[in-house]
Amino acid sequence: MNPQNTKHDPASLVNKQLKQWVQEINELCAPAAIYVCDGSKAEYDRIMAEMAASGMAIPLEKRSNSFLFRSDPSDVARVEDRTYISYPERDQAGPTNNWVHPDELKRTMLGLYKGCMKGRTMYVIPFSMGPVGSPLAKIGVEITDSRYVVCNMHIMTRVGTRVLEVLGAEGEFIPCLHSIGAPLEPGQQDSSWPCAPIEQKYISHFPDENLIWSYGSGYGGNALLGKKCLALRIASAMARREGWMAEHMLILRLTNPQGRQFHIAGAFPSACGKTNLAMLMPTIPGWKAECLGDDIAWMKIGPDGRLYAINPEAGFFGVAPGTAYNTNPMAMDSIKENVIFTNCALTDDSDVWWELMSPPPAHAIDWKGKDWTPDKDYPAAHANARFTAPASQCPIISPDWEKPEGVPIDIFIFGGRRASVVPLVHEAYDWDHGVFMGATAASETTAANIGAVGNLRRDPFAMLPFCGYHMGDYFAHWLAMGDRLGDKAPRIFYVNWFRKTAEGKWLWPGFGDNSRVLKWMCERFEGKVQAQESPIGLLPLKQDLDLTGLKLPADNLTELLKVDAAAWKAELPDIEAHFKKFDSHMPARLSNQLQKLRERLG
Ligand code: OXD
Ligand code: MN
């Protein structure tokens, strides 16, 4: 469409800084056209139709207004090795982030950006993270040459003209530059998923300037810059400067049979069941759950001294494999229509399928576009296949999920995927101990990042790939927030739904039955139940875990709540080495916690 003299024309932009930035990027990237997004459904439909016409999007007959995309096989996940936190000093980024000096990184990337949008339209996407106009929201503008990104951003954030209105002539925004890095020469046939080779991919953050530059990848976590790049990496650095928190956390509300509400925020590494927990259906009678967010929480201390959380996103970018009616019915009901699927299998009756969704179809087209039958020894969907769906489509989305002031958090949960050692649940003795739990959280790696799967890695607060500054300073920020919150600080728990027997069988059913563990946390919060001291924290008394209606072998429960001092002692050297990495940035209060743990273990 011709954007001349319309709101889609960059000449219509009233924000001076934005107008100038768009002009600069236009000169640098040399696109064939520029288009300012208005966020309307008509815009989404038109751009999606263009992708369907080119063969990039496959319309699904079984799900209204839903489309399947197949990425390039090299572009299926976040690329942590190619992700940079760029400050003038390496020490500001800390030992857990890749670092290159901003001058050098910009020089390299400017070389790549030069002419990189040739033959393509450059889209300008004004978006709000958080309800438009909320005191906790932030405005970003993503420039991209990917129509896939435009449509995903429509679902994942609040896009469009109303954001430009809030921005006004002088308002500040976070510039997010993205290119797939695949210029089109005249007459050149486009591929169905253009992107740059791995060594040219850069996901770069300049936190001192609140600036994001992403190049070469079209995958969600690398390309939907409002999500991991803005709402976690840049926001965590802003949050530290401004005294709030940007965390890799789901937010849920539990209501007990007496009508009392509890708000829970939980940090789990990627692909460890955050979306399942966020949409849990309690199996205990009388308890009700509502979803407020499945991936990110922004939290500020409110006028009453409590910590208030909003979900800055507007959609779910969930891992598809494993999602099924028996594991997460609310997610399944959220993805019936208006969904973008990426790297799922395509069935013969024009639906998507992935492993464990239902019995395998007799035949499908796999995520690489090849014939697939169940006898194949590889999966039909990529392990990190995704769905992008509007949060408003979740049947149990909380009526308060867009409340501008957020909801008050009562409970924090940390966790990870551990086949052994870590019990089903334990509670921190106090805030410092809880911060210690978060700082030492560990999990077996998953397919959400390119790299080996199944190795144990320490993933503090599930923020290892997402912390926009030195992780030791981040720990200190958590301690400082606790000092400010005082007795209004949320209670902290650590869970592990993933314990296995020596034979590799799950010890705990998980999913909706996790509500039994959440109920115990709520009762601890209310002071209704006692707990048992152990070297690692407070554990439930067996009789306080509500197992009504659950056929859990007694031995399983014993095993799930066991603290094996020898196994924990064996973890100490690894924790020590982990802390050592943070050097002079490591808060003494956490080293003291390690010493206390050592003493309690005897
Ligand atoms: C995600 C991730 O996509 O954490 O949420 O990788
Ligand atoms: Mn995540």
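In this predicted model, four strands form an open sheet. Their order is β20-β19-β21-β22, and the pairing is antiparallel. Strands of a sheet pair through backbone hydrogen bonds. β20 (352–353) and β22 (371–372) stand at the edges with a single partner strand each, so one side of each has no neighbour in the sheet. Look next at one pair. β21 covers residues 364–365 and joins β22 over two bridges, in the antiparallel sense. Ile365 stands opposite Asp371 in β22.

**Around ligand 1**

Nine residues surround ligand 1. The closest are Arg78, Lys228, Ser270, Asp295 and Arg386. By class, the shell holds two nonpolar, two polar and five charged residues.

How much of ligand 1 does the protein bury? Taken alone, ligand 1 exposes 210 Å², and the protein buries 94% of that.

**The second largest pocket**

This pocket holds about 460 Å³ of space. It is lined by 27 residues. Closest to its centre are Glu50, Arg120, Thr121, Tyr123 and Arg147. Four elements each supply at least two lining residues: β1 (33–36), α2 (41–54), β5 (121–129) and α5 (147–156). The largest share comes from α2, with four residues. The lining has 13 nonpolar, eight polar and six charged residues.

**Enclosed spaces**

The model has three cavities of 30 Å³ or more. The largest cavity has a volume of about 170 Å³. Of its 16 lining residues, the closest to the centre are His426, Met437, Thr440, Tyr494 and Trp568. Which helix gives the most to this lining? The answer is α11, with four residues. Both α11 (431–440) and α15 (565–580) supply at least two residues. The lining of the largest cavity divides into ten nonpolar, three polar and three charged residues.

The second largest cavity has a volume of about 50 Å³. Residues that line it include Ile251, Leu292, Ala309, Ile310 and Asn311. By class, its lining has six nonpolar, two polar and two charged residues.

Key:
Residues are numbered from 1 along each chain as its sequence is written. Chains are lettered from A and ligands numbered from 1 in the order in which they are written. This is a predicted model: local features need pLDDT of at least 70, side-chain atom pairs count only at pLDDT 80 or more; totals for chains, interfaces and linings use all residues. Side-chain values use heavy atoms; hydrogens and water are left out. Two strands pair if DSSP finds at least two bridges between them. On a 1 Å grid over the protein atoms alone, a cavity is a set of points where a 1.4 Å probe fits but cannot get out, and a pocket is an open set with protein on both sides within 12 Å along at least five of seven lines; lining residues have an atom within 4 Å of a point. Grid points are joined across faces, edges and corners, and a volume is the space filled by probe spheres set on the points. Ala, Val, Leu, Ile, Met, Phe, Trp, Tyr, Cys and Pro count as nonpolar, Asp, Glu, Lys and Arg as charged, and the others, Gly among them, as polar. A residue is near a molecule or strand if one of its heavy atoms lies within 4 Å of it. Accessible areas come from the Shrake-Rupley method with a 1.4 Å probe; for residues, only the protein chains shown count as cover.
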